[in-house]
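Subject: Structure for your files

Hello,

Here is the structure we talked about. My notes on it follow below.

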Amino acid sequence: MIPWEKLDTAKIPGSDEELRLMRRGKEFSIKLGTNELMNSRLSGSEAALATLAAKRIEKVAKPVVLIGGLGMGFTLRAALAVFGAKAKIVVSELVPSVVAWARGPMAEVFGDSLDDPRVSIREIDVGEIIRAKSSAFDAILLDVDNGPEGLTRKGNDALYSASGLKAAKTALRPGGVLAVWSSGPNPAFTKRVRSGGFEVNEVNVRATGRGGGARHVIWMARKG
């Protein structure tokens, strides 16, 4: 078997933790400690984050979409496929090295998605964008951690708090959707989303997107 090779490391702003970019043949992995945050072979549930949201706002002719977390670009590429030619997609990535990896060693994985004219990349905390906007987005897609608890950095907890959900609701247009990816269920978060005034559905999806792999969860929260 081909051994894993460490290509690069990156400090996470606001944290003492470090991401590691690993490669084995044509397979890539981004790890934090002993946790694998993402793998280039497992893209189904992250892609579902975009496809499920798109179905809920399909009547919007020119959707404006905010994606929190670039990662390996699974959600971005799915968003480009499903939101239409007139969409505007803003991707917020806190770790500059992740953007550099996308344009460097993982360029083949990303294809031409970063250069699509519908896309703008901002190297900033997605929470800052959300808090600065009012009725700006038709969909907000969050995949900045392993779920609604800060694993990569504790500062991410604020996104999933009552005040963070209130800010997301303010940033959404009427009928807009907040979609949150998680590696597993979190009943307390489901309750918090409902308490925040959203209509929420909890969707179970497979990591591979083909009926296999780990079970992940996506919350689809609609602003009335």
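Ile67 has Leu141 of strand E8 as its bridge partner. This is a predicted model, in which local features need pLDDT of at least 70 and side-chain atom pairs count only at pLDDT 80 or more, while totals for chains, interfaces and linings use all residues. Residues are numbered from 1 along each chain as its sequence is written, and side-chain values use heavy atoms, with hydrogens and water left out.

Two strands pair if DSSP finds at least two bridges between them. Strand E5 (residues 64-68) pairs with E8 in the parallel sense over four bridges. E8 also pairs with strand E9 (residues 172-182), again in the parallel sense, over five bridges; here Ala139 stands opposite Val177 of E9. Six of the six residues of E8 (residues 137-142) are buried, so the strand is largely enclosed by the rest of the structure. Buried means under 20% relative accessible area, exposed over 50%, and partly exposed in between (1.4 Å probe, protein chains only).

Helix H3 (residues 96-103) has Val98, Val99, Trp101 and Ala102 buried. Viewed down the axis of H3, its buried residues fall within an arc of 160°, so they line one face of the helix; the arc is that of the directions from the helix axis to the C-beta atoms. The cover over these buried residues includes strands E1 (5-11), E2 (18-24), E3 (27-32) and E7 (119-122), together with helix H4 (107-110), where contact means heavy atoms within 4.5 Å.

On to the charged side chains. A salt bridge is a side-chain nitrogen of Lys or Arg within 4 Å of a carboxyl oxygen of Asp or Glu, and by this rule the count is seven. Arg24, Glu27 and Arg41 are linked in a network of them. Within it, the closest N and O atoms of Glu27 and Arg24 are 3.0 Å apart, and Glu27 counts as buried at 10% relative accessibility.

Arg118 and Asp116 form another salt bridge, with closest N and O atoms 2.9 Å apart; both residues are buried.

Glu199 and Arg222 meet in a salt bridge at 3.8 Å, N to O. Glu199 lies in strand E10 (residues 199-206) and Arg222 in strand E11 (residues 215-222), so the pair ties together parts that are 23 residues apart in sequence. Glu199 counts as partly exposed at 47% relative accessibility, and Arg222 counts as partly exposed at 35%.

Regards

How values were computed. Helices (H or I, at least four residues) and strands (E, at least two) are DSSP runs, numbered from the N terminus.
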